[in-house]
Amino acid sequence: DSDLDGLRDEEECSVTHCEDSDADGVPDYMDEDSDNNAVLDSDEVRPLLDSDGDGIADYRDDDDDGDGIDDLTEIPDPLNPLSADFDNDGIADHLDADSDLTDGTNDGDNDGISDTDEWGPGSDPRDTDGDLIPDYADPDSDNDGLADVSEALLDSDGDGILNYLESRLTDSDNDGVNDEADQANESPENDTDGDGFSNQAEQDSGTDPLDAESFPGSNVIAEPSEPADSGSSGGGTIAFWWLLASAFLRLYRQKM
């Protein structure tokens, strides 16, 4: 850590010719203030975070929130970067794209959820999908392919966690039920369909943990899951076999 800013040299020098974010002739790994915003890299609130999702980490970005107003203007006290909070939402102006409330809202990413709610309860902003873009600036906080604006008011499984914070592509407890549909994301013994058999037991037996008529000992087995579109040339082949399996299953049920 040549500049003693808490960031390893290899993090600040990731290419052959080391980055010089502020073009001052001093490469970032030797520069105490890489973006020249008057706040030392070591004092940046969350240096590796990308508050505006522009692909530039905050310690290299002279406009952290991407609102067109540079950090130098929005940080009156470089020794206390969090001191300016015009809209009193708990998010410093240089990290808040909607700090002036000119549109009458407190919603920088326009997803229908206030920045304050998306920040979360901690001192650091919530980043549900771990992509280093905080939820309050991320249009798809759980990275499940559905925009937050379409999930903001939904709680499909009734567990008190809104859908925009639970990914339909993640199954935390590997019980065959995605988190968005699972009332207990960390308990494979949960019985989502209420048929008396745990999700794990149904997955082990090949029955459907989301279908109350499909359970161990019944003649109803789990439908094949439609594969996700991987974007590869093999997608058509996968879809063909999925359709073939579905047709075989329907024929099997008709004969039972």
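What share of the contacts in the protein chain with a separation of 6 or more comes from residues 24 or more positions apart? Such residues account for 33% of those contacts, a contact being a case of heavy atoms within 4.5 Å.

The structure is a predicted model, in which local features need pLDDT of at least 70 and side-chain atom pairs count only at pLDDT 80 or more, while totals for chains, interfaces and linings use all residues. Residues are numbered from 1 along each chain as its sequence is written, and side-chain values use heavy atoms, with hydrogens and water left out.

**Overall fold and surface**

The secondary structure of the protein chain amounts to six helices and zero strands, where helices (H or I, at least four residues) and strands (E, at least two) are DSSP runs numbered from the N terminus. Read from the N terminus, the order of elements is accordingly α-α-α-α-α-α. Of the 256 residues in the protein chain, 36% are buried; buried means under 20% relative accessible area, exposed over 50%, and partly exposed in between, with a 1.4 Å probe and protein chains only. The protein chain exposes about 13,800 Å², of which carbon and sulfur atoms supply 53%, the areas coming from the Shrake-Rupley method with a 1.4 Å probe.

**Aromatic pairs**

Rings of Phe, Tyr and Trp (its six-membered ring) are paired if their centres lie within 6.5 Å, and planes under 30 degrees apart count as stacked, over 60 as edge-to-face and the rest as tilted. By this rule there are two aromatic pairs, listed here.

| Pair | Centre to centre | Angle between planes | Class |
|---|---|---|---|
| Trp119 and Tyr136 | 5.7 Å | 15° | stacked |
| Phe197 and Phe215 | 5.8 Å | 5° | stacked |

Trp119 lies in helix H3 (residues 115-119) and Tyr136 in the loop between H3 and helix H4 (148-151), so this pair ties together parts that are 17 residues apart in sequence. Trp119 is buried, at a relative accessible area of 10%, and Tyr136 is buried as well, at 4%.

Phe197 belongs to the loop between H4 and helix H5 (199-205) and Phe215 to the loop between H5 and helix H6 (235-255), so the pair joins parts that are 18 residues apart in sequence. Phe197 is partly exposed, with a relative accessible area of 31%, and Phe215 is partly exposed, with 28%.

**Asp54**

Asp54 sits in the loop between helix H1 (9-12) and helix H2 (71-74), where this residue is partly exposed, with a relative accessible area of 38%. Its C-alpha atom is separated by 9.0 Å from that of Asp64, which stands 10 residues apart from Asp54 along the chain.
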